[in-house]
Amino acid sequence: MAILSSSIARKVAMALSGLFLVFFLAQHFTINITSVIDPETFNSWSHFMGHNILVQFILQPVLIFGVVFHFIMGIVLEIRNNNARQISYKSFKGNRNSTWASRNMIISGAVILAFLGLHFYDFWFPEIVHKYIESNPLDATRYYPELLHKFESPVRTGLYCLAFVLLALHLWHGFSSSFQSMGWNNKYSKGLRAFTQFYAIFIPLGFIFIALYLHFNQIH
């Protein structure tokens, strides 16, 4: 961990881990949106992801490490930034110089981490039990009905929607600042910032749409 001893190295590591999670989020959304468009495609893609050795035993552990690393680095940077502030302002109007999202990245990040815990409880743990503990036979058609069932509860659906709103706020500041942390400053910076803001709104809204669609289109 000596390579992370400098503040610049920590910020770059934080940025890279964040960009990795942004890429995964887009991939996850691409699969999930098929549950609205064509449940058979969703079943097919989910079955492939759930039984591909590369995904299960290499990419999945890397993803879990990326989530944990990103959250820990966020806490470390927040603590060090707070300790570095040696000037005490008599009156600080935070909203004049920064957005709520930028001032509360730890809060939104903590809520998102709690949401990931719920997401793992809803999907990842049942998948592990189904395949490796109960040793059930392969069933490539079970994924869509299981997903639909998870969004039957209005409380759970509401929690998912709230988490994605906070994810949008987290991405609004974090995605663009990741490039700044790596020194990205050229003629493309303005266009890149516009793209990150579009992504920060479009992807979470897409997940909210999926959750609400599945909730209001239950098959009984």
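Reader: What makes the contact between aspartate 122 and arginine 156 a salt bridge?

Author: In this predicted model, the closest N and O atoms of aspartate 122 and arginine 156 are 2.8 Å apart, and because a salt bridge requires a side-chain nitrogen of Lys or Arg within 4 Å of a carboxyl oxygen of Asp or Glu, the pair qualifies as one. The pair links distant parts of the chain, with aspartate 122 in helix H6 and arginine 156 in helix H8, 34 residues apart.

Reader: Why is aspartate 122 called buried?

Author: Its relative accessibility is 2%, and since buried means under 20%, aspartate 122 counts as buried.

Reader: And why does arginine 156 count as partly exposed?

Author: Arginine 156 has 23% relative accessibility, a value to be set against the range between under 20% for buried and over 50% for exposed, and therefore arginine 156 counts as partly exposed.

Reader: How do you know that glutamate 127 and lysine 131 meet in a salt bridge?

Author: The N to O distance between their side chains is 3.6 Å, and the cut-off is within 4 Å, so the contact between glutamate 127 and lysine 131 is a salt bridge. Both residues lie in helix H6, 4 residues apart, about one turn of the helix.

Reader: Why is lysine 131 called buried?

Author: Lysine 131 has 13% relative accessibility, and because the limit for buried is under 20%, lysine 131 counts as buried.

Note on methods. Residues numbered from 1 in each chain as written. Predicted model: local features only at pLDDT ≥ 70, side-chain atom pairs only at ≥ 80, totals over all residues. Heavy atoms only, no water. Helix = DSSP H or I, 4+ residues; strand = E, 2+ residues; numbered from the N terminus. Buried < 20%, exposed > 50% of the residue type's maximum accessible area, 1.4 Å probe, protein only.
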